[in-house]
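Let's take a friendly walk through a protein structure together. Keep the picture open beside the text as you read.

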Amino acid sequence: MSTGKIIKVAGPLVVAEGVPNARMADVINVGAKGLIGEIIELKGDFASIQVYEETAGIGVGDPVVSTGRSLSVELGPGLLASIYDGIQRPLNELLKASGNFIERGISVNALDRKKKWDFVPKAKVGDKVATGDILGTVQETSLVEHRIMVPTGIKGTVEEIKKGSFTVTQPIAKISGKEIPMLQRWPVRKPRPFATKLPVTEPLVTGQRIIDTLFTIAKGGAACIPGPFGSGKTVVQHQLAKWADADVIIFIGCGERGNEMTDVLIEFPELKDPKTNKSLMERTVLIANTSNMPIAAREASIYTGSAIAEYYRDMGYNVSLSADSTSRWAEALREMSGRLEEMPGEEGYPAYLGTRLAGFYERAGYGVCLGSDQRKGSFTIIGSVSPPGGDLSEPVVQNTLRIAKVFWGLDYALAHKRHFPAINWLLSYSLYLNNLEDYFKNSVADDWSKLRNEAMRLLSEEAELEEIVRLVGLDALSGREQLIMFVTKSIREDFLYQSAFDPVDQYSTLKKQASLLRVIITLYKESLKALEAGVELEKLKELKVISQISRARLIPEEKAQEELAAIEEALKEEINILKGAV
Amino acid sequence: MIREYQTVTGIAGPLIIADQIEGAKFDEVVDIELPGGEIRTGKILEVEGDKAMIQVFEGTVGLDIKSTKIRLKGRGLEINVSPDMLGRVFSGLGKPIDGAPQIIPIKKLDINGAPINPAARDYPNDFIQTGISSIDGLNTLSRGQKLPIFSGSGLPHSRIAAQIARQAMVLRGEEKFAVVFGAMGITFEEAEFFMANFKQTGAIENAVLYVNLANDPAIERIATPRVALTAAEYIAFELGMHVLVILTDMTNYCESLREVSAARKEVPGRRGYPGYLYTDLATIYERAGRLKDKNGSITMIPILTMPDDDKTHPIPDLTGYITEGQIILDRGLDRKKIYPPIDPLPSLSRLRDKAIGEGKTREDQPHVANQIFAAYARGREVRELLVVLGESSLSDVDRQYLKFAEQFENQFLSQGENENRTIYDTLDLAWELLMILPREELKRIKDDMYEKYAVVSQSNHAKKS
């Protein structure tokens, strides 16, 4: 086979001459070790290649061979509970092949070729099938049933379908003369299509009070969490990956800390899904490209994750993808762009940063999947952004905000006071609230949006009042205003504050959230009436029930409704006694 | 076969360009021979056709175009390692400078190392007692963690680092400890302070020092942290010791990196630092950690001085995004003569919650620490309010917070340079200080904890006052 020759090496960028059949985005083997790379630019006979492994020791004249395939993921049973690097090499296999440190030029299959899966056919001989139709199922983990679909571009009559144990490469069916194995490939940079994309209608319940109640994310939506370091981005991402009510979770550690990935690796298998009591790892795929691993693979990791997510979405599942952090991904783009000597845009980022970000977030969505059964699936993206110096005006944050519909702005001042999650309620927003209003009304509580709006109104009023207090002191406020300050303190400390480490507090159901907020809003309304009836504010602040409210978030879920209702009653009663005494 | 070339065509800043070179590899080491016979070390940064761009670690002063000779070594930059390294002092490139002979290598290791497979890592959740209350109690250090000290010029970061190196221990059992010290562009006095300190306490026997002083070649600093960490990896993962790596001062390292980047005419990122500064720093910091199947560990304390005390400057900013927290020194506390002047509020240890509490330190620590943070933050707010509005505007509770903040700074934060407090001393002290505040204010503390610990402290408190 003829090969190309390297003429330039600069960090992760290699330029080669005379690569036979070079096509844009084809995967290339570089040098004698066969490092994995991808063509990112073609000019005459020259191909620029970004290499996914460290290029030390590569020199001019070394051989380059094209594989003739674009960068693809392997899809099939065995993805769940795996941990991959940015180009879908299983880290556990790399560990066996090269020990504790990742050596170069190792190629391992993403899916185990030896493992056998029990395939249960759903289609029958003689059925007419097309792309996306379900041929059969495999119980991939105890939580997820893997649906084997007709691969893209295949259409026809089922001539043969098997039942029993097969490896991913053995054929399980024959459609119009073509043998179909469980294993499929998909080019990572190409979104897998929906049959029809639909507007979102359901929230992704996360159990995090500030997120579910104030700034809801929809199933199929896109959210962004920007914040300076130390403001708790990663803890929020971990909480969402643990508790979000998605069927499948893809967690991408993109250019982040090695120890954080280890934390996920150690913790997830032990965590139990609150609904099924099974290990959370059984619904999770981890992609770890830590900050010290090659940056070109970091650029690819986001796409690898998206392709896997879309594959499960196509089976009709709700999939949630967390990417921590998209800034590191953008930096990888910037570095490659610099090496290609492209004209830089803002802050050295390439001019196409916005388009690439949009392309990624737009892969999220809810809709009807391909296949004749009209099943629906969703793909939610939650991307964190790490702006330099916490400055939200920088290009990655700004370009992300143009696309993502939910914004959870993390605030250093709140983190400073150890108020977690440190999501700033004045900055953040969710544009899905209108879409989701019906859901909350029908499934959670009639007064949901009233409670939410009242809480938001009080919080924004508090911000204004704080300005006044800072200038002239608390005494300058009227009784009603002082009451607002008192109640918002309760909203902040007893509702929005949520400990990620307390076994009870770390997850609140929507019903508990609604009842807890209702108690606090009732406290406000009843106190206001009492105040107007002439009760002194100091007496209202000393209500016995206040200390109960401050511990209410720690009431276990099964007793929550009952106890919160009791607190609400006690509250009304106590205030009535005060009113009676006036 | 070693090939020799005499084909230098250009010299600019720390870089030389050579022509007609065959078979040069990216990242390969070259020897550069000066007319007088002196040999310097260089590294290939880029190859294109028959041209090679070489970075010279010892600087290009004295090089000429005509007679400078270049020899390709056919390998990356390596250092010799052996257990005899302990107790020795080396240059920033790993050559002995303590007068003793070269060590006899057991192995030669490439200084770039290879990334640790995330699946091979073990989580750092073993509490390290440093004996400093504000670190142990509030921003705990774990074995295998990377926790930088963000300092400013003139602040006592060296004394704190030396104190940690002296006092660090784990709560259970005797373990073998070693210190690897990498100095980049620090002054002779600072380096001498560390050496004297290590000698005085006998720590030098289990220490390896790599020293690049302020007047040593600046480009050598790019190699120093990698050399130090390669030695640390050998000591930790092959000799099975627990290694504490102190790197000071990372700001000088980044400046050298910027110098090379500017000489290469790369598109600059923020403040002229190269766009790949994050990735470059990560390849240093991420070498800290523990492995599942090895006994040893690497705990890293990089020190950096924030230019103009600005935390948003690219160096502290990018460092903070990679490391697991930061210890921030505060000029205001230093002015009040509080040693160590660690400001606990912006400081953070991300691994704290997994390293403390029941079975690790003491069950009450997570609650106490959170309560101390909240109370001290409130105390500082009251202090600001006092300046604006005057004392008359403060409520009784405000005054109690004010008192708490004062005593917290003077008793808890402040301690002697040789004072080694156990974690239990630290926690008892915290309870004693919390007793200044009324029970209703201690919202982060559950009743059972309060019953168990506060009552004891109250009686202690009463005795003292």
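Chain A is divided into four domains: domain 1 (2-70), domain 2 (116-182), domain 3 (194-431) and domain 4 (448-581). Please bear in mind that this is a predicted model. Between the C-alpha centres of domain 1 of chain A and domain 4 of chain A the distance is 63 Å. For chain B, the assignment gives domain 1 (3-75), domain 2 (79-355) and domain 3 (365-464).

## A sheet in chain A

In chain A you can find an open sheet of four strands, in the order β10-β13-β15-β16, with antiparallel pairing. Why do β10 and β16 of chain A each have one side without a neighbour in the sheet? β10 (128-129) and β16 (178-181) of chain A stand at the edges with a single partner strand each, so one side of each is left without a neighbour.

Now look at β13 (residues 156-161) and β15 (residues 171-175) of chain A, which run antiparallel and are joined by three bridges. For V158(A), the bridge partner in β15(A) is I175(A).

## Where two domains of chain B meet

Next, turn to domain 2 and domain 3 of chain B, whose C-alpha centres lie 32 Å apart. Here 28 residues of domain 2 of chain B are in contact with 27 residues of domain 3 of chain B. The area buried between domain 2 and domain 3 of chain B is about 2200 Å², and carbon and sulfur atoms give 52% of this area. On the side of domain 2 of chain B, S133(B), L138(B) and L345(B) lose the most area to domain 3 of chain B, together 24% of what that side buries.

There are three salt bridges between domain 2 of chain B and domain 3 of chain B. Residue pairs in polar contact across this interface number 19 (both at pLDDT 80 or more). The elements that give two or more residues to the side of domain 2 of chain B that touches domain 3 of chain B are β12 (127-129), α1 (133-138) and α2 (157-167) of chain B. Of these, α1(B) gives the most, with five residues. Sorted by class, that side of domain 2 of chain B has twelve nonpolar, ten polar and six charged residues.

## Where chain A meets chain B

How many residues does each chain bring to the contact? Chain A brings 73 residues and chain B brings 67 residues. Together, chain A and chain B bury about 5800 Å², with 54% of it on carbon and sulfur atoms. In chain A, F229(A), N259(A) and R418(A) lose the most area to chain B, together 15% of what that side buries.

Seven salt bridges are found across the interface of chain A and chain B, and 25 residue pairs are in polar contact (both at pLDDT 80 or more). Several elements give two or more residues to the side of chain A that touches chain B, among them β1 (4-10), α4 (258-267) and α11 (448-472) of chain A. The largest share of that side, nine residues, comes from α4(A). By class, the side of chain A that touches chain B has 29 nonpolar, 20 polar and 24 charged residues.

| Salt bridge | N to O distance |
|---|---|
| R380(B) and D343(B) | 3.1 Å |
| D502(A) and K446(B) | 3.3 Å |

Conventions: Residues are numbered from 1 along each chain as its sequence is written. Chains are lettered from A and ligands numbered from 1 in the order in which they are written. This is a predicted model: local features need pLDDT of at least 70, side-chain atom pairs count only at pLDDT 80 or more; totals for chains, interfaces and linings use all residues. Side-chain values use heavy atoms; hydrogens and water are left out. Domain bounds come from an automatic or database domain assignment. Two strands pair if DSSP finds at least two bridges between them. Contact means heavy atoms within 4.5 Å. Buried area is the accessible area (1.4 Å probe) that two parts lose on being put together, summed over both. A salt bridge is a side-chain nitrogen of Lys or Arg within 4 Å of a carboxyl oxygen of Asp or Glu. A polar contact is a pair of N or O atoms within 3.5 Å; within protein, one must be able to donate a hydrogen and the other to accept it, and residues adjacent in sequence count only if both atoms are side-chain atoms. Ala, Val, Leu, Ile, Met, Phe, Trp, Tyr, Cys and Pro count as nonpolar, Asp, Glu, Lys and Arg as charged, and the others, Gly among them, as polar.
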